[in-house]
Amino acid sequence: MSKIQRLHTNQRMSKIVTHNDTVYLCGQVGVRGTSVTEQTREALTRVESLLIEAGSDCQHVLQVTVWLADMSDFNEMNAVWDEWFDEGFAPARACGEAKLASPELKVELLVTAARKTNI
């Protein structure tokens, strides 16, 4: 039987959902109104914190969907992204342009990861 666990849950969403050894995070954003660089860095910091709480880490990220409010920010987001993931641990990734929940948001990350098997 599969086991589903939800953490930081309210009526609308959970910040973390685990199903067996797969971790799903809700969309992570940075501080509204800051630069693409700052928002990307903050979103990745939040991702890392949630992954650790769920028994995973950045080396176990399987897939990320990156939503940008404007695709002209692609290179600026990638500059931060490229510093974040160690060589050989890049996840499968898609990046697209979308109207985000607030006009001050520039980046949102949707992450799926595997749990570390040695926990």
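Before we look around, here is a way to sort residues: Ala, Val, Leu, Ile, Met, Phe, Trp, Tyr, Cys and Pro count as nonpolar, Asp, Glu, Lys and Arg as charged, and the others, Gly among them, as polar. What you see above is a predicted model, in which local features need pLDDT of at least 70 and side-chain atom pairs count only at pLDDT 80 or more, while totals for chains, interfaces and linings use all residues. Residues are numbered from 1 along each chain as its sequence is written, and side-chain values use heavy atoms, with hydrogens and water left out.

Let us start with the largest pocket. Rolling a probe the size of a water molecule over the atoms shows where empty space is left. Here, a pocket is an open set of points on a 1 Å grid over the protein atoms alone, where a 1.4 Å probe fits, with protein on both sides within 12 Å along at least five of seven lines; lining residues have an atom within 4 Å of a point. The largest pocket has a volume of about 200 Å³, where volume is the space filled by probe spheres set on the points, and points are joined across faces, edges and corners. Its lining consists of Met-13, Lys-15, Cys-26, Gly-27, Gln-28, Val-29, Arg-46, Leu-50 and Glu-108. Strand E4 (28–29) and helix H1 are the elements that give two or more residues to this lining. Such labels come from DSSP runs, numbered from the N terminus: helices (H or I) have at least four residues and strands (E) at least two. Sorted by class, the lining has four nonpolar, two polar and three charged residues.

Now follow H1 to its partner. Two packed helices are described by the angle between their axes and the distance between the axes. Helix H1 (residues 36–53) packs against helix H2 (residues 74–84) at an angle of about 35°, and their axes are 8 Å apart. These axes are lines fitted to C-alpha atoms over the stretch in contact, and angles run from 0 to 180 degrees between N-to-C directions. Contact means heavy atoms within 4.5 Å. Val-36, Thr-37, Thr-40, Arg-41, Leu-44, Thr-45 and Glu-48 in H1 meet Glu-76, Met-77, Val-80, Trp-81, Glu-83 and Trp-84 in H2. By class, this contact has six nonpolar, three polar and four charged residues.

Is Thr-40, in that group, buried or exposed? Thr-40 is buried, because its relative accessible area is 0%; buried means under 20%, exposed over 50%, and partly exposed in between (1.4 Å probe, protein chains only). Leaving out residues up to four places away in sequence, Thr-40 touches Met-77, Val-80 and Val-107.

Gly-30 sits in the loop between E4 and H1. Gly-30 is buried too, with a relative accessible area of 3%. Its C-alpha atom is 4.7 Å from that of Glu-42, twelve residues apart along the chain. Beyond four places in sequence, Gly-30 touches Gln-39, Glu-42, Ala-43, Arg-46, Leu-105 and Val-107.

We finish at the loop between strand E2 (14–19) and strand E3 (22–25), where Asn-20 lies. Asn-20 has a positive phi of about 55° although it is not a glycine, and Asn-20 is partly exposed at 38% relative accessible area. Asp-21 is found in the loop between E2 and E3 as well, and counts as partly exposed because its relative accessibility is 47%. Not counting residues up to four places away in sequence, Asp-21 touches Ala-113, Ala-114 and Arg-115.
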